[in-house]
Amino acid sequence: MKKLFFIALLSLAMLPAMAQEHNCNNCPHHKQHQQGGKQATCAQQAKRVNSNGIAMEIANAFPSAKSVKKEAKWTVVYNAKKEVIGYAVYSKPASDGIKGYAGETPLLIALDPNEKILSVQLLDNMETPSYLSRVINAGLLKSWNGMKAKKAAKKDIDAVSGATFSSQSIINSLQAALKKLY
C-alpha cells in the first residue's frame with residue numbers, strides 16, 4: 001500500500017512540469033503535425049530536430065544533410081553544397097487509419113536522388129516493443145532497400161510471423177505513402 005501511495009504522490013508531483021509544456025504552433029515540426037491532424041509539444045519538437053533544424057529521422061537517414069525543403073510530395077534533402085542528396089517521404093497522412101496491433105506505424109522512407117530506397121525508419125508508435133523487435137530482427141524494414149520507390153509500392157512482402165499486425169501495418173503504410181507519390 002505504501003508503494004502505491006508513493007507512486008501516486010510521485011505522479012502528482014510531475015503534473016506541474018507536464019503542464020508547462022506548450023504548443024507554440026510556429027515551428028516547422030508543429031506545422032507538419034498540424035497538417036496530419038496532430039499537435040506536438042515544444043518539448044517533443046526539441047527532441048526531434050538537430051542543430052540545423054532538420055528532423056532527427058532525416059538527419060539519421062542522411063548524415064550529410066545540411067538543409068531541407070518541404071515540397072508537395074516529399075522533403076528534398078540537400079548537402080552543404082546545396083546539392084540534392086535525396087528525398088524524405090513520411091507515410092503520414094497517406095497511412096492515416098492503417099493500424100497495427102496497438103495503433104498506427106508511421107514511417108520515414110529515405111530515397112536517393114534516383115528515387116531508390118535507402119532506408120525505412122519506423123517513427124514513434126504505440127506498438128509492443130517485443131513485437132517490433134521481431135519485425136526489425138526479421139529484416140522487414142530492409143526489405144525495400146535498393147528498390148525503386150515505384151516498384152516498392154507494389155512489391156508483395158510477407159508479414160513477420162509472430163508480429164503479423166505490426167508488420168502488416170508497416171507494409172501497408174509504406175505502400176500507401178509510395179503509391180501517393182505516383
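1. Aspartate 124 is exposed, with a relative accessible area of 54%; exposed means over 50%, buried under 20%, and partly exposed in between (1.4 Å probe, protein chains only). The model is predicted, so local features need pLDDT of at least 70 and side-chain atom pairs count only at pLDDT 80 or more, while totals for chains, interfaces and linings use all residues. Residues are numbered from 1 along each chain as its sequence is written, and side-chain values use heavy atoms, with hydrogens and water left out.

2. Aspartate 124 forms a salt bridge with arginine 48, and their closest N and O atoms are 2.2 Å apart. A salt bridge here is a side-chain nitrogen of Lys or Arg within 4 Å of a carboxyl oxygen of Asp or Glu. The pair links distant parts of the chain, 76 residues apart: arginine 48 is in helix 3 (residues 42–48), and aspartate 124 is in the loop between strand 5 (117–122) and helix 5 (129–137). Helices (H or I, at least four residues) and strands (E, at least two) are DSSP runs, numbered from the N terminus.

3. The search of the whole structure finds 3 salt bridges. One of them joins the side chains of lysine 92 and aspartate 96, at 2.3 Å from N to O. Both residues are partly exposed: lysine 92 has 24% relative accessibility, and aspartate 96 has a relative accessible area of 36%.

4. Lysine 92 also forms a salt bridge with glutamate 104, with the closest N and O atoms 2.6 Å apart. Lysine 92 and glutamate 104 lie in the loop between strand 3 (84–90) and strand 4 (107–111), so the pair ties together parts that are 12 residues apart in sequence. Salt bridges that share partners join Lys92, Asp96 and Glu104 into one network. Within it, is glutamate 104 buried or exposed? Glutamate 104 is buried, at 18% relative accessible area.

5. The chain as a whole has 7 helices and 5 strands. Along the sequence, the pattern is α-α-α-α-β-β-β-β-β-α-α-α.

6. How much of the chain is buried? Of its 182 residues, 38% count as buried. The chain exposes about 10900 Å², of which carbon and sulfur atoms supply 56%; accessible areas come from the Shrake-Rupley method with a 1.4 Å probe, and for residues only the protein chains shown count as cover.

7. Among contacts in the chain with a separation of 6 or more, 46% are between residues 24 or more positions apart. A contact means heavy atoms within 4.5 Å.
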